[in-house]
Amino acid sequence: MRYHFIPIRLAETKKAWMNEKFAPDLLESKPEIVECVMEQLDHMEENLRRAKKGDLKVSIHRMEMERIRYVLSSYLRCRLMKIEKFFPHILEKEKTRHEGEPSSLSPEEFAFAKEYMANTETYLKNVALRHMPPNLQKVDFLRSVPKPDLDSYVFLRVKERQENIMVEPETDEQRDYVIDLEEGSQHLIRYKTIAPLVASGAVQLI
């Protein structure tokens, strides 16, 4: 049995998982990676069903499959938690997204976010809002639900050297300054400063 194709997609899945886990906002959707890994898992399962029972390789490959499933399920859970936490801002971003700009939601996630928002609004109306004066029976989710904190700090490892990265000051007494990020170096830096580099794959959150 050969599984030479699995580590390639697993590496991409782990990268997407780590970035999603440590980024404060919802990152670009990666449905092609999810679908590919699920297909590979199905293929591995099919191969293992045909393998000889008691073969040590079978146990090793099953352990590898469990590891892959854990990474994939953790990645998807992390995204769902962010959607539930920031749903109005995520949907607003999707609504104002320019043509050709990558979406942060897969079609399934988009449907889930819309349904979650509708269910939340219905629940609030039935439980609380209908008991309030008419002028207070509407809720502005964009104002009442916190936004992702893009000013939070993240650890990162540089995959590709970057020059002239503009860093905003932390206090009024400081000024903007420029830094270079050397390949292989690690940094603690404000997320919004390097968000485009996360999207491009130039840096990896750790």
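# Notebook: a sheet, a helix and single residues

I began with threonine 122, which is partly exposed because its relative accessible area is 42%. I noted the scale: buried means under 20% relative accessible area, exposed over 50%, and partly exposed in between, with a 1.4 Å probe and protein chains only. Threonine 122 is found in helix H4. I recorded that helices (H or I, at least four residues) and strands (E, at least two) are DSSP runs, numbered from the N terminus. Threonine 122 and arginine 9 are 113 residues apart in sequence, and 41 Å separate their C-alpha atoms in space.

I noted that the model is predicted, that local features need pLDDT of at least 70, that side-chain atom pairs count only at pLDDT 80 or more, and that totals for chains, interfaces and linings use all residues. Residues are numbered from 1 along each chain as its sequence is written, and side-chain values use heavy atoms, with hydrogens and water left out.

**Entry on the sheet.** I found an open sheet of three strands in the order S4-S1-S5, with antiparallel pairing. Strand S4 (186-190) and strand S5 (203-205) are the edge strands, each pairing on one side only. Neighbouring strands of this sheet are turned by 40° against each other on average, direction ignored. Two strands pair if DSSP finds at least two bridges between them. Strands of a sheet pair through backbone hydrogen bonds, either parallel or antiparallel.

I then followed strand S1 (residues 153-158), which is joined to S4 by five bridges. Tyrosine 153 stands opposite arginine 190 in S4, and arginine 157 stands opposite glutamine 186 in S4. S1 also pairs with S5 in the antiparallel sense, over three bridges. There, glutamine 204 is the bridge partner of arginine 157.

**Entry on helix H2.** I compared the length of helix H2 (residues 31-50) with expectation: at 1.5 Å a residue, its 20 residues should span 28 Å, and its end C-alpha atoms are 29 Å apart, which agrees. The expected span is 1.5 Å times one less than the number of residues. In H2, Ile33, Val34, Val37, Gln40, Leu41, Met44, Glu45, Asn47 and Leu48 are buried. They lie on the same side of H2, because they cover an arc of only 160° around the axis. The arc is that of the directions from the helix axis to the C-beta atoms. On the other side of H2, Glu39, Asp42, Arg49 and Arg50 are exposed.

**Entry on serine 103.** I located serine 103 in the loop between helix H3 (56-95) and helix H4 (107-127). Serine 103 counts as buried because its relative accessible area is 16%. Its side chain reaches the backbone oxygen of leucine 105 at 2.9 Å. Not counting residues up to four places away in sequence, serine 103 touches Glu28, Ser29, Glu94 and Arg97, where contact means heavy atoms within 4.5 Å.

**Entry on asparagine 164.** I found asparagine 164 in strand S2 (residues 162-167). Its phi is positive, about 55°, although asparagine 164 is not a glycine. Asparagine 164 counts as exposed, because its relative accessibility is 58%.

Conventions. Axes fitted to C-alpha atoms, helices over the stretch in contact; angles between N-to-C directions. Polar contact = N/O pair within 3.5 Å; in protein donor to acceptor, adjacent residues only side chain to side chain.
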